[in-house]
Amino acid sequence: MISITGLRKNFQSGDHAVAALQGIDLEVARGEFFVLLGPSGSGKTTLLRSVAGLEKPDGGEISLDGKLVFSKSRRIAEPPEARGIGMVFQSYAIWPHLTVAENIGLVLTHGRSRLSKSEAQTRIRHALSLVQLDDFENRPARLLSGGQQQRVALARALAVNPALLLMDEPLSNLDARLREEVRTNIKKLATRLGITALYVTHDQVEAMVLADRIAVMAHGEILQIGNPFELYRAPANSQIAEFFGSINWLHGKMLADGRVDTEIGPLVIAAPRQYEGGVVVGIRPEDVKLVPASAELENRLAGNVVTSFFLGDHVMCEVMIGATIVNVKSLPDDAKPAGGVTVHLPKQRIVIFPEAEPQQSLQPR
(Lines give C-alpha, C1' and ligand atoms only; values in the text may rest on other atoms or scores of the structure.)
Protein backbone atom coordinates (compact mmCIF):
# COMPACT_ATOMS: atom_id res chain seq x y z
CA MET A 1 0.00 0.00 0.00
CA ILE A 2 2.81 2.41 0.95
CA SER A 3 6.24 2.04 -0.64
CA ILE A 4 8.98 4.51 0.27
CA THR A 5 12.56 4.36 -1.03
CA GLY A 6 15.52 6.58 -0.26
CA LEU A 7 13.43 9.43 1.15
CA ARG A 8 15.47 12.44 2.24
CA LYS A 9 14.42 15.79 3.68
CA ASN A 10 16.58 18.63 5.02
CA PHE A 11 15.51 21.76 6.85
CA GLN A 12 17.60 24.91 7.01
CA SER A 13 18.53 26.12 10.50
CA GLY A 14 20.52 29.32 10.19
CA ASP A 15 23.58 28.50 8.13
CA HIS A 16 23.23 24.77 8.68
CA ALA A 17 21.08 22.08 7.05
CA VAL A 18 19.38 19.70 9.48
CA ALA A 19 18.64 16.22 8.11
CA ALA A 20 15.06 15.39 9.11
CA LEU A 21 14.94 12.23 6.97
CA GLN A 22 18.08 10.31 6.03
CA GLY A 23 17.31 7.86 3.22
CA ILE A 24 14.14 6.25 4.60
CA ASP A 25 13.04 2.90 3.12
CA LEU A 26 9.64 1.60 4.24
CA GLU A 27 6.90 -0.79 3.10
CA VAL A 28 3.41 -0.81 4.64
CA ALA A 29 0.99 -3.56 3.62
CA ARG A 30 -2.65 -3.03 2.69
CA GLY A 31 -4.88 -3.14 5.77
CA GLU A 32 -1.94 -2.74 8.15
CA PHE A 33 -2.00 -0.41 11.14
CA PHE A 34 1.55 0.93 11.06
CA VAL A 35 2.94 3.24 13.74
CA LEU A 36 5.89 5.64 13.47
CA LEU A 37 7.32 5.95 16.97
CA GLY A 38 10.03 8.21 18.30
CA PRO A 39 10.82 11.28 20.40
CA SER A 40 10.52 14.88 19.25
CA GLY A 41 12.87 15.59 16.36
CA SER A 42 13.07 11.96 15.23
CA GLY A 43 11.54 12.69 11.80
CA LYS A 44 8.29 10.78 12.24
CA THR A 45 5.95 13.72 11.54
CA THR A 46 8.09 14.87 8.60
CA LEU A 47 7.78 11.35 7.15
CA LEU A 48 3.99 11.36 7.63
CA ARG A 49 3.64 14.82 6.07
CA SER A 50 5.79 13.72 3.14
CA VAL A 51 3.43 10.80 2.52
CA ALA A 52 0.48 13.21 2.75
CA GLY A 53 2.05 15.64 0.28
CA LEU A 54 2.31 18.42 2.88
CA GLU A 55 6.12 18.32 2.76
CA LYS A 56 8.21 18.07 -0.38
CA PRO A 57 11.21 15.77 0.19
CA ASP A 58 14.65 16.49 -1.23
CA GLY A 59 15.08 13.01 -2.65
CA GLY A 60 13.58 9.55 -2.96
CA GLU A 61 10.22 8.16 -4.07
CA ILE A 62 6.79 7.48 -2.56
CA SER A 63 4.15 5.16 -4.04
CA LEU A 64 0.62 4.84 -2.65
CA ASP A 65 -1.60 1.96 -3.70
CA GLY A 66 0.67 1.25 -6.67
CA LYS A 67 0.71 4.88 -7.87
CA LEU A 68 3.90 6.93 -7.81
CA VAL A 69 2.95 10.17 -6.02
CA PHE A 70 6.42 11.58 -5.45
CA SER A 71 9.73 11.18 -7.24
CA LYS A 72 12.47 13.77 -7.09
CA SER A 73 14.32 12.28 -10.06
CA ARG A 74 11.16 12.08 -12.22
CA ARG A 75 9.81 15.42 -11.03
CA ILE A 76 6.54 13.95 -9.76
CA ALA A 77 4.80 15.57 -6.79
CA GLU A 78 1.08 14.85 -6.58
CA PRO A 79 -0.89 17.28 -4.37
CA PRO A 80 -2.50 15.95 -1.16
CA GLU A 81 -6.00 15.86 -2.66
CA ALA A 82 -4.82 13.53 -5.43
CA ARG A 83 -3.31 10.93 -3.06
CA GLY A 84 -6.50 9.25 -1.80
CA ILE A 85 -5.78 9.96 1.86
CA GLY A 86 -7.67 11.05 4.95
CA MET A 87 -5.76 12.87 7.66
CA VAL A 88 -6.30 13.58 11.35
CA PHE A 89 -4.09 16.35 12.74
CA GLN A 90 -2.84 16.78 16.29
CA SER A 91 -4.88 19.97 16.65
CA TYR A 92 -7.97 18.30 15.00
CA ALA A 93 -8.42 21.46 12.80
CA ILE A 94 -12.11 21.77 13.71
CA TRP A 95 -13.82 25.03 12.70
CA PRO A 96 -15.55 26.27 15.86
CA HIS A 97 -18.11 28.47 14.05
CA LEU A 98 -19.51 25.48 12.10
CA THR A 99 -21.69 22.57 13.15
CA VAL A 100 -20.39 19.02 13.22
CA ALA A 101 -22.07 18.22 9.90
CA GLU A 102 -20.70 21.37 8.28
CA ASN A 103 -17.16 20.53 9.44
CA ILE A 104 -17.37 17.15 7.73
CA GLY A 105 -19.33 18.38 4.71
CA LEU A 106 -16.75 20.96 3.65
CA VAL A 107 -14.28 18.30 2.52
CA LEU A 108 -17.04 16.60 0.52
CA THR A 109 -18.65 19.58 -1.22
CA HIS A 110 -15.58 21.77 -1.71
CA GLY A 111 -12.87 19.15 -2.11
CA ARG A 112 -11.71 17.20 -5.13
CA SER A 113 -14.81 14.96 -5.21
CA ARG A 114 -17.43 17.77 -4.94
CA LEU A 115 -20.37 15.55 -4.08
CA SER A 116 -23.97 16.66 -4.34
CA LYS A 117 -25.67 17.86 -1.18
CA SER A 118 -27.66 14.63 -0.80
CA GLU A 119 -24.61 12.43 -1.41
CA ALA A 120 -22.61 14.46 1.07
CA GLN A 121 -25.36 14.13 3.68
CA THR A 122 -25.33 10.35 3.30
CA ARG A 123 -21.54 10.28 3.73
CA ILE A 124 -21.72 12.58 6.78
CA ARG A 125 -24.28 10.40 8.55
CA HIS A 126 -22.33 7.23 7.79
CA ALA A 127 -19.05 8.75 9.02
CA LEU A 128 -20.69 9.97 12.25
CA SER A 129 -22.18 6.53 12.87
CA LEU A 130 -18.71 5.00 12.56
CA VAL A 131 -17.42 7.19 15.41
CA GLN A 132 -20.65 6.92 17.45
CA LEU A 133 -21.75 10.54 17.03
CA ASP A 134 -25.02 9.86 15.20
CA ASP A 135 -26.98 12.55 17.06
CA PHE A 136 -24.35 15.29 16.80
CA GLU A 137 -24.94 16.54 13.24
CA ASN A 138 -26.28 19.93 14.27
CA ARG A 139 -24.17 20.41 17.39
CA PRO A 140 -21.99 23.57 17.20
CA ALA A 141 -18.35 22.50 17.18
CA ARG A 142 -17.48 24.97 19.94
CA LEU A 143 -19.68 22.98 22.33
CA LEU A 144 -17.81 19.69 21.80
CA SER A 145 -15.50 18.12 24.35
CA GLY A 146 -11.92 17.24 23.39
CA GLY A 147 -12.83 13.61 22.81
CA GLN A 148 -15.80 14.56 20.65
CA GLN A 149 -13.66 16.93 18.57
CA GLN A 150 -11.20 14.11 18.02
CA ARG A 151 -13.99 11.85 16.78
CA VAL A 152 -15.32 14.56 14.45
CA ALA A 153 -11.82 14.93 12.97
CA LEU A 154 -11.69 11.17 12.48
CA ALA A 155 -15.17 11.13 10.91
CA ARG A 156 -14.12 13.89 8.50
CA ALA A 157 -11.08 11.86 7.45
CA LEU A 158 -13.20 8.73 6.93
CA ALA A 159 -15.95 10.56 5.02
CA VAL A 160 -13.81 10.82 1.88
CA ASN A 161 -13.48 6.99 1.80
CA PRO A 162 -9.66 7.17 1.87
CA ALA A 163 -7.43 4.34 0.75
CA LEU A 164 -5.03 5.47 3.47
CA LEU A 165 -5.66 7.08 6.86
CA LEU A 166 -2.87 9.26 8.26
CA MET A 167 -2.89 10.35 11.93
CA ASP A 168 -0.42 12.74 13.54
CA GLU A 169 -0.49 12.30 17.35
CA PRO A 170 -4.31 12.63 17.40
CA LEU A 171 -4.65 11.71 21.09
CA SER A 172 -1.96 13.93 22.61
CA ASN A 173 -4.46 16.62 23.67
CA LEU A 174 -6.70 14.20 25.58
CA ASP A 175 -6.46 13.30 29.24
CA ALA A 176 -5.03 9.88 30.12
CA ARG A 177 -8.32 8.06 30.71
CA LEU A 178 -9.99 9.40 27.57
CA ARG A 179 -6.87 8.69 25.52
CA GLU A 180 -7.02 5.05 26.55
CA GLU A 181 -10.69 4.79 25.56
CA VAL A 182 -10.30 6.55 22.21
CA ARG A 183 -7.23 4.60 21.09
CA THR A 184 -9.12 1.35 21.68
CA ASN A 185 -12.00 2.64 19.54
CA ILE A 186 -9.61 3.72 16.75
CA LYS A 187 -8.03 0.26 16.66
CA LYS A 188 -11.42 -1.48 16.56
CA LEU A 189 -12.66 0.84 13.83
CA ALA A 190 -9.56 0.41 11.66
CA THR A 191 -9.78 -3.37 12.01
CA ARG A 192 -13.50 -3.42 11.17
CA LEU A 193 -13.05 -1.24 8.08
CA GLY A 194 -9.86 -2.99 6.96
CA ILE A 195 -8.29 0.40 6.44
CA THR A 196 -4.57 1.05 6.03
CA ALA A 197 -3.34 3.45 8.70
CA LEU A 198 -0.07 5.31 9.23
CA TYR A 199 0.00 6.70 12.76
CA VAL A 200 2.55 8.96 14.48
CA THR A 201 3.13 8.97 18.24
CA HIS A 202 5.87 9.45 20.85
CA ASP A 203 4.03 7.20 23.34
CA GLN A 204 5.36 3.62 23.31
CA VAL A 205 2.31 2.22 25.15
CA GLU A 206 -0.01 3.81 22.60
CA ALA A 207 2.11 2.36 19.81
CA MET A 208 2.02 -1.16 21.27
CA VAL A 209 -1.77 -1.04 21.76
CA LEU A 210 -2.50 0.15 18.22
CA ALA A 211 0.17 -1.23 15.93
CA ASP A 212 0.44 -4.30 13.79
CA ARG A 213 4.01 -3.13 13.25
CA ILE A 214 6.08 -0.25 14.57
CA ALA A 215 9.02 1.67 13.09
CA VAL A 216 11.19 3.18 15.84
CA MET A 217 12.78 6.40 14.59
CA ALA A 218 15.55 8.67 15.83
CA HIS A 219 17.56 11.43 14.15
CA GLY A 220 15.82 10.96 10.80
CA GLU A 221 16.49 7.23 10.59
CA ILE A 222 14.55 4.02 11.23
CA LEU A 223 16.31 2.06 13.96
CA GLN A 224 14.13 -1.05 13.93
CA ILE A 225 10.83 -2.31 12.51
CA GLY A 226 8.80 -5.06 14.12
CA ASN A 227 5.61 -5.99 15.88
CA PRO A 228 5.26 -4.86 19.53
CA PHE A 229 6.36 -8.24 20.92
CA GLU A 230 9.51 -8.30 18.78
CA LEU A 231 10.51 -4.79 19.80
CA TYR A 232 9.92 -5.53 23.49
CA ARG A 233 11.60 -8.94 23.57
CA ALA A 234 14.23 -8.63 20.82
CA PRO A 235 15.32 -4.98 20.65
CA ALA A 236 18.07 -4.13 18.20
CA ASN A 237 19.95 -2.00 20.70
CA SER A 238 19.91 -0.82 24.31
CA GLN A 239 18.14 2.44 23.48
CA ILE A 240 15.14 0.60 22.01
CA ALA A 241 15.12 -1.84 24.93
CA GLU A 242 14.96 1.07 27.39
CA PHE A 243 12.37 2.96 25.32
CA PHE A 244 9.93 0.06 25.52
CA GLY A 245 9.82 -0.28 29.31
CA SER A 246 11.81 -0.60 32.52
CA ILE A 247 14.94 -2.71 32.35
CA ASN A 248 17.84 -3.56 34.67
CA TRP A 249 21.25 -2.83 33.16
CA LEU A 250 24.45 -4.54 34.29
CA HIS A 251 27.94 -3.81 33.02
CA GLY A 252 30.09 -6.78 32.17
CA LYS A 253 32.64 -8.49 29.97
CA MET A 254 32.27 -11.53 27.76
CA LEU A 255 34.01 -14.68 28.98
CA ALA A 256 35.41 -17.38 26.73
CA ASP A 257 32.88 -20.03 27.81
CA GLY A 258 29.79 -18.08 26.63
CA ARG A 259 29.15 -16.43 29.96
CA VAL A 260 29.31 -12.79 30.97
CA ASP A 261 31.19 -11.57 34.02
CA THR A 262 28.97 -8.83 35.50
CA GLU A 263 29.00 -6.65 38.60
CA ILE A 264 26.69 -9.16 40.35
CA GLY A 265 28.68 -12.21 39.25
CA PRO A 266 29.03 -14.48 36.17
CA LEU A 267 25.80 -15.01 34.19
CA VAL A 268 24.94 -17.66 31.61
CA ILE A 269 23.53 -16.13 28.41
CA ALA A 270 21.35 -17.98 25.88
CA ALA A 271 22.89 -17.76 22.40
CA PRO A 272 25.14 -14.79 23.23
CA ARG A 273 26.12 -12.41 20.46
CA GLN A 274 29.80 -12.47 19.60
CA TYR A 275 30.88 -9.23 21.19
CA GLU A 276 34.39 -8.49 22.39
CA GLY A 277 35.30 -6.38 25.38
CA GLY A 278 32.77 -4.58 27.54
CA VAL A 279 29.05 -5.28 27.22
CA VAL A 280 25.80 -4.24 28.87
CA VAL A 281 23.41 -6.96 30.00
CA GLY A 282 19.71 -6.20 30.38
CA ILE A 283 16.78 -8.00 32.00
CA ARG A 284 13.29 -6.62 32.62
CA PRO A 285 11.97 -6.48 36.21
CA GLU A 286 9.09 -8.89 35.49
CA ASP A 287 11.60 -11.48 34.24
CA VAL A 288 13.61 -11.53 37.47
CA LYS A 289 12.11 -14.30 39.63
CA LEU A 290 12.11 -14.73 43.41
CA VAL A 291 12.84 -18.41 44.05
CA PRO A 292 13.55 -20.72 47.02
CA ALA A 293 17.17 -20.66 48.18
CA SER A 294 17.41 -24.38 47.44
CA ALA A 295 16.44 -24.05 43.78
CA GLU A 296 18.97 -25.64 41.41
CA LEU A 297 19.01 -23.00 38.70
CA GLU A 298 21.53 -21.16 36.54
CA ASN A 299 21.94 -17.46 37.32
CA ARG A 300 20.66 -17.91 40.91
CA LEU A 301 21.88 -15.12 43.20
CA ALA A 302 21.40 -14.15 46.85
CA GLY A 303 20.31 -10.64 47.76
CA ASN A 304 18.50 -8.49 50.28
CA VAL A 305 15.25 -6.59 49.78
CA VAL A 306 15.90 -2.86 50.24
CA THR A 307 12.37 -1.63 49.53
CA SER A 308 9.12 -3.18 48.34
CA PHE A 309 5.86 -1.57 47.23
CA PHE A 310 2.46 -3.24 46.95
CA LEU A 311 0.75 -1.87 43.82
CA GLY A 312 -2.40 -3.97 43.65
CA ASP A 313 -1.77 -6.39 40.81
CA HIS A 314 1.98 -6.60 41.44
CA VAL A 315 4.76 -5.90 43.92
CA MET A 316 7.86 -3.87 43.01
CA CYS A 317 11.05 -4.64 44.93
CA GLU A 318 14.55 -3.27 44.99
CA VAL A 319 16.94 -6.13 45.73
CA MET A 320 20.55 -5.41 46.64
CA ILE A 321 22.94 -7.97 45.12
CA GLY A 322 26.44 -7.14 46.23
CA ALA A 323 26.60 -3.37 45.69
CA THR A 324 24.04 -3.34 42.86
CA ILE A 325 20.28 -2.73 42.97
CA VAL A 326 18.13 -5.01 40.80
CA ASN A 327 14.44 -4.14 40.33
CA VAL A 328 12.03 -7.06 40.58
CA LYS A 329 8.35 -7.07 39.60
CA SER A 330 6.41 -10.01 41.01
CA LEU A 331 2.84 -11.12 41.65
CA PRO A 332 1.41 -10.16 45.05
CA ASP A 333 1.59 -12.88 47.69
CA ASP A 334 0.47 -13.17 51.31
CA ALA A 335 3.27 -10.85 52.38
CA LYS A 336 5.62 -8.41 50.70
CA PRO A 337 9.12 -9.78 50.15
CA ALA A 338 11.52 -8.72 52.86
CA GLY A 339 15.00 -9.55 54.17
CA GLY A 340 17.18 -12.10 52.44
CA VAL A 341 15.89 -13.47 49.12
CA THR A 342 17.15 -15.53 46.19
CA VAL A 343 16.62 -14.25 42.65
CA HIS A 344 16.80 -16.07 39.35
CA LEU A 345 17.69 -14.36 36.07
CA PRO A 346 16.43 -16.71 33.28
CA LYS A 347 19.03 -16.77 30.52
CA GLN A 348 16.34 -16.72 27.80
CA ARG A 349 15.19 -13.30 29.02
CA ILE A 350 18.59 -11.63 29.07
CA VAL A 351 19.62 -9.25 26.28
CA ILE A 352 23.19 -8.16 25.62
CA PHE A 353 24.72 -5.27 23.67
CA PRO A 354 28.17 -3.71 23.23
CA GLU A 355 28.99 -1.26 26.00
CA ALA A 356 30.43 1.15 23.44
CA GLU A 357 26.97 1.54 21.84
CA PRO A 358 25.97 5.25 21.65
CA GLN A 359 23.70 6.06 24.58
CA GLN A 360 21.36 8.57 22.89
CA SER A 361 18.11 8.56 24.80
CA LEU A 362 14.89 7.83 22.93
CA GLN A 363 12.73 8.85 25.85
CA PRO A 364 10.26 11.63 24.97
CA ARG A 365 11.22 15.10 26.08
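**Inside the model**

Author: Phe33, Leu154, Leu158, Leu165, Met167, Ile186, Leu189, Ala190, Leu193 and Ile195 line the largest cavity. Keep in mind that this is a predicted model.

Reader: Okay. How much space lies in the largest cavity?

Author: About 40 Å³.

Reader: And how many cavities of 30 Å³ or more does a search of the whole structure find?

Author: One.

Reader: Which elements give two or more residues to the lining of the largest cavity?

Author: Three do: H4, strand S8 (164-168) and helix H5 (176-193). H5 has the largest share, with four residues.

Reader: What classes do the residues of that lining divide into?

Author: Ten are nonpolar. None is polar and none is charged.

Reader: Let's switch to helices. How do H4 and H5 cross?

Author: They cross at roughly 20°, and their axes come within 11 Å. Angles under 35 degrees count as roughly parallel, so H4 is roughly parallel to H5.

Reader: Which hand does the crossing of H4 and H5 have, left or right?

Author: The crossing of H4 and H5 is right-handed.

Reader: Which residues make the contact?

Author: From H4, they are Gly147, Gln150, Leu154 and Leu158. From H5, they are Leu178, Val182, Ile186, Leu189 and Leu193. By class, that contact of H4 with H5 has seven nonpolar, two polar and no charged residues.

Reader: I think I saw a few of those names earlier.

Author: You did. Leu154, Leu158, Ile186, Leu189 and Leu193 are in this contact, and these five also line the largest cavity.

Reader: Now H2. At what angle do H2 and H4 pack?

Author: The angle is about 30° between helix H2 (residues 100-109) and helix H4 (residues 146-159). Their axes are 9 Å apart. With that angle, H2 is roughly parallel to H4. The crossing of H2 and H4 is right-handed.

Reader: What makes the contact there?

Author: H2 brings Val100, Asn103, Ile104, Val107 and Leu108. H4 brings Val152, Ala155, Arg156 and Ala159. By class, the contact of H2 with H4 has seven nonpolar residues, one polar and one charged.

Reader: How do H2 and H3 cross?

Author: H2 and helix H3 (residues 117-130) cross at roughly 125°, with axes that come within 9 Å. H2 and H3 are therefore oblique to each other. H2 passes H3 in a right-handed crossing.

Reader: Which residues of H2 and H3 meet?

Author: On H2 they are Val100, Ala101, Ile104, Gly105, Leu108 and Thr109. On H3 they are Ala120, Arg123, Ile124 and Leu128. By class, this contact of H2 with H3 has seven nonpolar, two polar and one charged residues.

Reader: Which elements give two or more residues to the lining of the second largest pocket?

Author: Helix H7 (228-233), strand S15 (278-283) and strand S21 (351-354). S21 gives the most, with three residues.

Reader: Last one. What classes are in the lining of the second largest pocket?

Author: The lining of the second largest pocket has 14 nonpolar, two polar and six charged residues. The lining of the largest cavity, by contrast, has no charged residues.

Methods. Residues numbered from 1 in each chain as written. Predicted model: local features only at pLDDT ≥ 70, side-chain atom pairs only at ≥ 80, totals over all residues. Heavy atoms only, no water. Nonpolar A, V, L, I, M, F, W, Y, C, P; charged D, E, K, R; others polar. Axes fitted to C-alpha atoms, helices over the stretch in contact; angles between N-to-C directions. Parallel < 35°, antiparallel > 145°, perpendicular 65-115°, else oblique. Left-handed = near helix turned anticlockwise from the far one by under 90°. Contact = heavy atoms within 4.5 Å. 1 Å grid on protein atoms, 1.4 Å probe; cavity = no way out; pocket = protein on both sides within 12 Å on 5 of 7 lines; lining within 4 Å. Points joined across faces, edges and corners; volume = space filled by probe spheres on them.
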